[in-house]
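I opened the model today to look up a few local features. My notes follow the order in which I looked.

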Amino acid sequence: MATNAYSHAPIDIKPTTLTILPTYRCTAACAQCCFESNPSIPTSLPHQDIARYIDEAKSTFPDLKLIVFSGGEPFLLGRHLYGAIRHANRHGLKTRCVTNAFWGRTKATANRTVSRLLECGLTEINISSGSDHQKWVDLKCIENAVDALLTHHIPTLLTVEADSSTSRCVDAIAESEIIRRALADPARNFTLQTNSWMPFHEDYRSRGNPIGLKGLTSGCKQIFNNLVVTPTAQLSACCGLTFEHIPELKIGNLHENSMAEIFERASTDFLKIWLHVDGPGTILRKLFGTSIDDELKNVRHICEACAIMHQNPIIREAIATRAQDFAPDVLARFELGKAFAGLRASNRIDTHAAATTRQE
């Protein structure tokens, strides 16, 4: 199946986020890492290219608001990461880093790192932890990092992978005095959340409950809204956790074409629009009815359902042969949703009254 099973004129959609994965190298080698990150991966984006991609994204996409630096572990870039954050801020863009917080080994290293983040203007930070991560980055690093970040008033989100039957990382973090103190004070702008951990290898131990069919009924708002630059200068149509397992989500090479050319070509791809409007769960139910339920019953994340949709040859064939049947309805709903969003943004519609009417 070519993912472009049915083409049409380019849609009018404007990305608001650019995620840059400068490297897949990481201080950790988590067993179920979606990108297979580890300390020995050498590939990384040259720092000059990172600045150039920020410039290009800003000039190409007028609605761009946020640059996310993730990986791998972006802090392995050292001074080049701080320079990239500063460069994004010169464009008036918000910035976020996603990290395992290995740099919080001591209070001193945590404070030095956070001081540099404050100096270059980082807007917010996301920390990843849990049983896979804590084999490489222990809880003390997380505590030191959180304490330093909140002392310097940098909004912080800590995401902890759900525990398996043999781990209790979630409880240990919740019992931490530093974490409890941060949660007790709303002024410190700290959020703690737990996510299910997706399987990528056969030695996976269940962590988190399946989201169920009801959790797969919404559209994927990441696709087209959040573009990703990979360490090999590939542009991806979304920041999905399984996009390295879905070749069709790589939409072009930035060494060969501009962001504008790549994005316009991808925006003619009906399947990507369908994912944006309905999401993989709804697409599969429309194609196969309830017969697909067994395939989806253990899915833990919308990105896992997306991978199933792209990898299963029977599903791929169904999309290739039947996409045209669904295109008129999907494209009409996309345009209607865009029009409604425009009215809401211009305050020409009472969203509370509209919501009440829909519920009735």
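**Entry 1: Arg-188.** I began with Arg-188, which is buried at a relative accessible area of 16%. I use buried for under 20% relative accessible area, exposed for over 50% and partly exposed for in between, with a 1.4 Å probe and protein chains only. Arg-188 sits in the loop that runs between helix H6 (177-184) and E6. Helices (H or I, at least four residues) and strands (E, at least two) are DSSP runs, numbered from the N terminus. I then listed the contacts of Arg-188, leaving aside neighbours within four places in sequence: Asp-147, Leu-150, Thr-151, Arg-181 and Ala-182. Contact here means heavy atoms within 4.5 Å.

**Entry 2: what I am looking at.** This is a predicted model, in which local features need pLDDT of at least 70 and side-chain atom pairs count only at pLDDT 80 or more, while totals for chains, interfaces and linings use all residues. Residues are numbered from 1 along each chain as its sequence is written, and side-chain values use heavy atoms, with hydrogens and water left out.

**Entry 3: the sheet.** I traced an open sheet of nine strands in the order E6-E5-E4-E3-E2-E1-E7-E8-E9, with mixed pairing. Strand E6 (190-195) and strand E9 (250-253) are the edge strands, each pairing on one side only. On average, neighbouring strands in this sheet are turned by 20° against each other, direction ignored. Two strands count as paired if DSSP finds at least two bridges between them. Strands of a sheet pair through backbone hydrogen bonds, either parallel or antiparallel.

I checked one pair in detail. Strand E8 (residues 234-236) pairs with E9 in the antiparallel sense over three bridges. Ser-236 has Lys-250 in E9 as its bridge partner.

**Entry 4: helices on the sheet.** Which strands does helix H1 (residues 47-60) lie across? I found strand E1 (17-20), strand E2 (66-69) and strand E7 (226-229), and H1 runs at about 170° to E1. Helix H4 (residues 139-151) also packs on the sheet, touching strand E4 (124-129), strand E5 (156-161) and E6. The direction of H4 makes about 165° with that of E4. Axes are lines fitted to C-alpha atoms, for helices over the stretch in contact, and angles run from 0 to 180 degrees between N-to-C directions.

**Entry 5: backbone exceptions.** Most residues other than glycine have a negative phi, and most peptide bonds are trans. I noted the exceptions below.

- Gly-71 and Gly-72 are joined by a cis peptide bond with omega about 25°. Gly-72 is placed in the loop between E2 and helix H2 (79-90).
- Ala-101 has a phi near 65°, a positive value in a residue other than glycine. Ala-101 lies in the loop between strand E3 (94-99) and helix H3 (107-120), and it is buried at 0% relative accessibility.
- Ala-233 is not a glycine, yet its phi is positive at about 65°. Ala-233 lies in the loop between E7 and E8, and it is buried at 1% relative accessibility.

Entry 6: A pocket is an open set of points with protein on both sides within 12 Å along at least five of seven lines, and a cavity is a set of points where a 1.4 Å probe fits but cannot get out. Lining residues have an atom within 4 Å of a point. Grid points are joined across faces, edges and corners, and a volume is the space filled by probe spheres set on the points.

The largest pocket holds about 1300 Å³ of space. Its lining has 50 residues, with Ser-70, Val-98, Ser-128, Cys-239 and Leu-241 nearest the centre. E5 gives the most to this lining, with four residues. By class I have 23 nonpolar, 23 polar and four charged residues in the pocket lining. Ala, Val, Leu, Ile, Met, Phe, Trp, Tyr, Cys and Pro count as nonpolar, Asp, Glu, Lys and Arg as charged, and the others, Gly among them, as polar.

**Entry 7: the cavity.** My search of the whole structure gave one cavity of 30 Å³ or more. The largest cavity has a volume of about 100 Å³. Among the 13 residues lining it, Cys-220, Cys-238, Leu-249, Cys-303 and Cys-306 are closest to the centre. H10 gives the most to the cavity lining, with three residues. That lining has 11 nonpolar, two polar and no charged residues.

**Entry 8: Glu-304.** I ended on Glu-304, which is in helix H10 (residues 302-311). Is Glu-304 buried or exposed? Glu-304 is buried, with a relative accessible area of 14%.
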